[in-house]
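Hello,

Here is the structure I promised to pass on. Please open it alongside this note; what I found follows below.

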Amino acid sequence: MKNTFTQSMAWLHTWGGLIFGWLLFAIFVTGTLAVFDKELNHWMQPEIPASEVSQADAARRAISYLQTHEAQAGNWGVSLPTERSPGLRVSTAERRHGGGVQLDPHSGEAIEVRDSVGGNFFFRFHFTLDLPRNWGIFVVGALALVMLAALVTGIVIHKKIFKEFFTFRPNKGQRSWLDLHNASAVLLLPFHLMITYTGLVIFMLIYIPAGVDALFAGDSRAYFQAQGNARMEQPRGLAKQPGELVDVVPLLAQAEAALGPIAGFNIRNPNTAGARIEIRPVLGNRIALSKGQAMVFDGVSGQLLSDVTEWRAAPLTQRVMVGLHFAQFGGYPMRWLYFVCGVVSCVMIASGLVLFCVKRGRKYATASADASARRWYRLTEVCNIGFVAGLLLACVGLLWASRLLPAELAQREAWEVRAFFGVWLLALLHAGVRPARRAWVEQLGLTALLCIGLGLFGGLSDGLRQGVVACALVLGVLLGVLAWRVQQAVPAPLKGRAARSVEAGA
Amino acid sequence: MLLAGGVLFAYAGMLGLCQGLERHYKHVWNRACPPSWRRVLRGAGWLALALSLLLCAQAWGWAMGPVAWFGVMSLAGLVLVLLLPYWPKVAVGLVLMLPAWGLLQVFA
């Protein structure tokens with residue numbers, strides 16, 4: 001620990017930022033990609049047609065398919081085509097976790113679609129790091145706390161926030177990296193603070209369960225009921241008598257008028273007198289995340305049984321914070337705002353990691369430095385390359401794997417995930433055996449090429465997939481320029497990362 | 001259109017605040033900034049930011065608008081900061097898109 005307050009804050013910022021920054025970068029990158037999770041899902045499953053079919057027609061076709069194939073099932077789930085996800089998917093209770101069956105919204109026939117983790121992988125990785133769910137949530141929560149600490153200590157040690165608010169001095173080595181780190185952090189500080197804090201709020205009951213434990217004696221169901229989230233009692237007797245299902249289309253219209261655009265519906269106990277139709281809105285009709293909310297109708301008479309719950313002030317506050325994090329509201333312009341802000345967050349973290357090495361390069365990477373210090377420096381450098389460039393390579397590698405792996409491969413999703421971690425591991429090894437600057441150039445260059453190359457897989461006739469390819473193209477060009485700049489950087493004293501790396505590699 | 005206006009006003013606002021600072025004014029124009037002019041620039045900057053908030057609220061409503069406003073302001077500021085050292089005149093000239101947008105609003 002250091003003497004003054006500012007010095008200890010700087011120490012915490014530097015070392016906390018370095019050690020946890022590698023994983024924080026992965027969390028921020030996958031979180032940024034998860035903004036477009038559904039679009040990526042759609043791109044990674046090219047068999048799903050991009051058809052403009054009204055939800056009413058799609059719903060009728062889904063129900064007639066289910067009547068033919070699953071008339072006896074206890075639950076039908078239907079995901080309707082929406083703006084962001086044009087597929088029509090049906091499932092039954094038994095297969096709720098198996099993904100169900102994709103239908104062609106035009107014909108209502110089942111279509112063969114490859115299994116793919118889709119953009120959902122980035123979403124899941126973002127809050128679990130692909131660890132077992134609860135472990136992951138705790139690890140990511142701890143990392144979010146470190147992120148908050150890094151933000152606050154960063155504000156404390158940055159003495160010229162307002163004086164250097166608009167300052168960026170390129171081509172000046174360490175100075176430029178610090179300027180970039182400061183500018184991306186200070187200008188987007190509202191975003192960084194908001195996204196980190198609201199991220200913690202999502203799982204607040206997992207992190208600090210004491211309140212619910214004390215008030216409800218640990219009975220989380222009682223807690224959810226007290227919030228008005230109680231599931232309606234299912235009428236057990238009626239569910240045994242046959243009944244005729246009401247037409248769902250007018251109900252969809254009624255729900256849409258009340259809730260805004262509709263994502264899909266469930267029918268419990270279909271074809272019985274106790275049938276219930278639950279209609280779910282898409283998540284983005286308001287800021288507060290409406291996950292789990294539905295309007296429930298009687299499946300025979302079509303009567304409205306229960307409306308969506310109005311949250312009380314405290315749950316509403318939490319829902320709004322969660323909604324701010326999930327970024328489902330405000331349509332595509334808002335989604336792009338979140339995406340670009342997320343990219344800047346990633347740049348902020350990466351520039352901080354690079355800055356650590358740039359600052360120490362001259363001292364530790366030269367032959368005169370102490371051998372063990374040199375080894376630690378080299379380890380830091382390898383981790384920087386593997387966790388920054390390597391992770392980006394792994395992400396685009398996952399997209400390639402989703403298209404390249406044979407469509408009928410058994411356990412295809414597991415292979416995709418293996419491809420992701422395999423590429424990441426290879427990148428770390430590659431960083432370990434190559435001189436640092438070469439490793440940066442090669443990994444960034446390869447990532448750029450793979451991003452640009454996504455267009456080769458075709459499927460450009462449909463807007464969503466075009467968007468994915470175009471966005472990857474832009475990111476690929478930017479990464480290409482970055483790789484080229486690293487390559488060109490003159491290895492002169494105080495000339496930035498590249499110079500340090502060359503010395504280290506020599 | 002409201003959206004584009006919100007973005008342009010946010011950029012103009014950041015530009016005003018930036019040019020209201022001695023160092024950045026000198027960097028672009030190679031001469032010192034008279035104190036009165038500095039106050040005008042800063043005032044105009046804050047005003048433009050307020051107008052940006054108004055347009056964001058028009059586009060998204062008063063619940064979502066402020067969220068978008070923060071994002072738009074931040075990103076506009078970052079674009080300005082990254083443009084300034086490379087093409088200072090372009091960074092200032094971009095603000096001319098604002099009157100162009102205004103004309104479009106009047107005639108369309």
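In this predicted model, the largest nonpolar core holds 127 residues. Phe25(A), Leu391(A), Val72(B) and Leu80(B) have the most contacts inside this core. The top contributor is helix 3 of chain B, residues 35-83, which supplies 19 residues.

Take a look at Val72(B). Setting aside neighbours within four places in sequence, Val72(B) touches one residue of chain A in its contact list, Leu337(A). Its contacts within chain B are Gly6(B), Val7(B), Ala10(B), Ser52(B) and Cys56(B).

A separate core of 29 residues lies apart from the largest one. Leu66(A), Leu88(A), Ile267(A) and Val296(A) are among its members.

Now chain A as a whole. Chain A has 18 helices and eight strands. Its radius of gyration is 26 Å, close to the 23 Å that the globule rule gives for 506 residues, so chain A is as compact as a globular protein of that length. Along the principal axes, the C-alpha atoms of chain A fill a box of roughly 85 × 55 × 35 Å.

How much of chain A is buried? Of its 506 residues, 41% count as buried. Take the contacts in chain A between residues at least 6 apart in sequence: 70% of them join residues at least 24 apart.

Best wishes

Terms used: Residues are numbered from 1 along each chain as its sequence is written. Chains are lettered from A and ligands numbered from 1 in the order in which they are written. This is a predicted model: local features need pLDDT of at least 70, side-chain atom pairs count only at pLDDT 80 or more; totals for chains, interfaces and linings use all residues. A nonpolar core is a set of buried Ala, Val, Leu, Ile, Met, Phe, Trp, Tyr and Cys residues joined through C-beta atoms within 7 Å. A residue is buried if 20 or more other C-beta atoms lie within 10 Å of its own, exposed if 12 or fewer, and partly exposed in between; C-beta atoms are placed from the backbone. Helices (H or I, at least four residues) and strands (E, at least two) are DSSP runs, numbered from the N terminus. Two residues are in contact if their C-beta atoms, placed from the backbone, lie within 7 Å. The radius of gyration is taken over C-alpha atoms; the globule rule is 2.2 Å times the number of residues to the power 0.38.
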